[in-house]
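Please read the numbered points alongside the coordinates.

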Amino acid sequence: MTSNRTLISRFPHLRQDFAASLVVFLVALPLCVGVAVASGVPAELGLITGIVGGLVTGVLRGSSLQVSGPAAGLTVLVFEAVEEFGLPVLGVIVLATGLLQVAMGMLRLGRYFRAISVSVVEGMLAGIGLVLIAGQLYPALAAKAPDSGLGKIAGLPGAFLDALGDTGALTSLAVCAGTVAVLLLWKHAPAKARTVPGPLAAVGLATVAVLALPVPVATVEVKGLLGSVQPPTASAFGELAGLGLLGTVVAFTLIASAESLFSAAAVDRLHSGPRTQYNRELVAQGAGNAVCGLLGALPMTAVIVRSAANVQAGARTKASRVLHGVWLLLFAALLPGVLAYIPLPALAGVLIHAGGKLVPVRALAVLWREHRGEALVLAVTAVSIVAVSMFEGVLIGLALAVVKTAWEASHVKLEVVDKGAGPVDAHLSGNATFLRLPKILDSLESLPQDRPVRLDVSGLHHLDHACRTALENWAARHSAAGTEPVELRMAA
């Protein structure tokens, strides 16, 4: 009795955290496996990343209630990296990503990720969601997916037509569709049934159905936990000399960091406990990714689905996420054979559902009505990711966001006072940048050419070199063509 009281006094929220950890474990289990399979790596590597997310990242300071693990948002990037460089090099990429994240956190750069345009991040997630949905429809049809994002989308009509005459493909599609249906309808299930998380219920029901009805459906290949661990070799580290691999590391770092820190901001809105310390959270994510890299596992991010489940289940401290890692470890060590019964189309259904959540259809409609520039940034980022690749698509989105901001910030106003006789007074105010030069010069060239002009630019908050030079050239041309020179009043 005394020992129990001592334990409760040291961990006053242990009961709530214990219950929450079980919920998070049940949510994380199918997602860890599904993300690994969709990434083209052994299913066990997804479990390893989930375990590290609980036992390593979970004990570190940063955000106390958000949960880390393999994320659907990195699935496309991981698949492309494994296709291009091979599975042995994945550990090097993830290790380098983790070390970069630790360095950025130590340099206190974590807070700067909050300055990334929300439209770019949402566009990135939407692009990932579209590619993820298109890619997972192929295993749902028992077909091989093309490599490129455009190829996946363009090939879907043909894949569906081919499936019409194939009983095995139609059966696989039915399992996938049933899984998605359970996920969509689970919120309407009785309250007692909803104590089981939707993803686990959907995959469990699909597994039972496939076992009860002997149908030809592909299942997860099991290699064993230790057999799946592939620490990077010395030759794999040699790949870091290539620019292509370095670009992939940068992409992993930026996307994983942004997704984790945006997730932290979202989780902070779900509870009233301690706020996220962004630099420490970046260090924690980096430490977890470094360990994952040494084990040859998948990269990790903070995952909003698991984090929200953690908060909603009543978690109070980081003990819940650490315990969820313990349950994943026990499952991987004691019950790995269970994975072999899970149908691949059921996992595809889970990821299709997750991909659909990444595409903000309603938010985009609202954004289009209220902030069309932001909606354009979101849409261009998403389309670029589908058409080109993850890294280039994000860069295109960031560039467009910068141009949009520069355009909006360079608002300039020209006020003209013309009394019909004597000099014309013109006053420029705002921010004059090269982006507004056409408007400025059109307005100035419409002024009378046969009368003196007094142009006052002292009201400008900013006058860049291009505008200054253009104004001086216009003044010189006007003075040469008119009867009176231009008086250009610059700021003191």
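1. Asparagine 279 has a relative accessible area of 13% in this predicted model, and because buried residues are those under 20%, asparagine 279 counts as buried. The residue belongs to helix H14, which spans residues 278-295. Leaving aside residues up to four places away in sequence, asparagine 279 touches Gly105, Arg108, Leu109, Gly110 and Arg111.

2. Helix H4 covers residues 75-85, and its buried residues are Thr75, Val76, Leu77, Val78, Ala81, Val82 and Phe85. In an α-helix there are 3.6 residues a turn, so residues three or four places apart point the same way. Which helices cover the buried residues of H4? Among them are helix H2 (14-38), helix H5 (87-106), helix H6 (118-140), helix H13 (243-268) and helix H20 (390-409). Just after H4, glycine 86 adopts a positive phi of about 95°.

3. Helix H3 and helix H16 (residues 319-334) have axes 7 Å apart and pack at an angle of about 145°. The crossing of H3 with H16 is left-handed. On the H3 side the contact is made by Leu47, Gly50, Ile51, Gly54 and Leu55. H16 contributes Arg321, Val322, His324, Gly325, Val326, Leu328, Leu329, Phe331 and Ala332. By class, the contact of H3 with H16 comprises nine nonpolar, four polar and one charged residues.

4. A further helix pair is formed by helix H9 (residues 167-185) and helix H10 (residues 198-212), whose axes come within 9 Å and cross at roughly 145°. H9 and H10 cross in a right-handed sense. Val175, Thr179, Val182 and Leu183 of H9 meet Gly198, Pro199, Ala202, Leu205, Ala206 and Val210 of H10. The contact of H9 with H10 holds eight nonpolar residues, two polar and no charged ones.

5. The last point concerns the second largest pocket, with a volume of about 780 Å³. Its lining consists of 36 residues, and those nearest the centre are Val37, Ala38, Gly40, Phe79 and Pro139. Two or more lining residues come from each of H2, helix H3 (43-55), H4, H6, H9 and helix H17 (344-358). How do the lining residues of the second largest pocket divide, and how many are charged? The lining has 22 nonpolar, eight polar and six charged residues.

Technical notes:
Residues numbered from 1 in each chain as written. Predicted model: local features only at pLDDT ≥ 70, side-chain atom pairs only at ≥ 80, totals over all residues. Heavy atoms only, no water. Buried < 20%, exposed > 50% of the residue type's maximum accessible area, 1.4 Å probe, protein only. Helix = DSSP H or I, 4+ residues; strand = E, 2+ residues; numbered from the N terminus. Contact = heavy atoms within 4.5 Å. Axes fitted to C-alpha atoms, helices over the stretch in contact; angles between N-to-C directions. Left-handed = near helix turned anticlockwise from the far one by under 90°. Nonpolar A, V, L, I, M, F, W, Y, C, P; charged D, E, K, R; others polar. 1 Å grid on protein atoms, 1.4 Å probe; cavity = no way out; pocket = protein on both sides within 12 Å on 5 of 7 lines; lining within 4 Å. Points joined across faces, edges and corners; volume = space filled by probe spheres on them.
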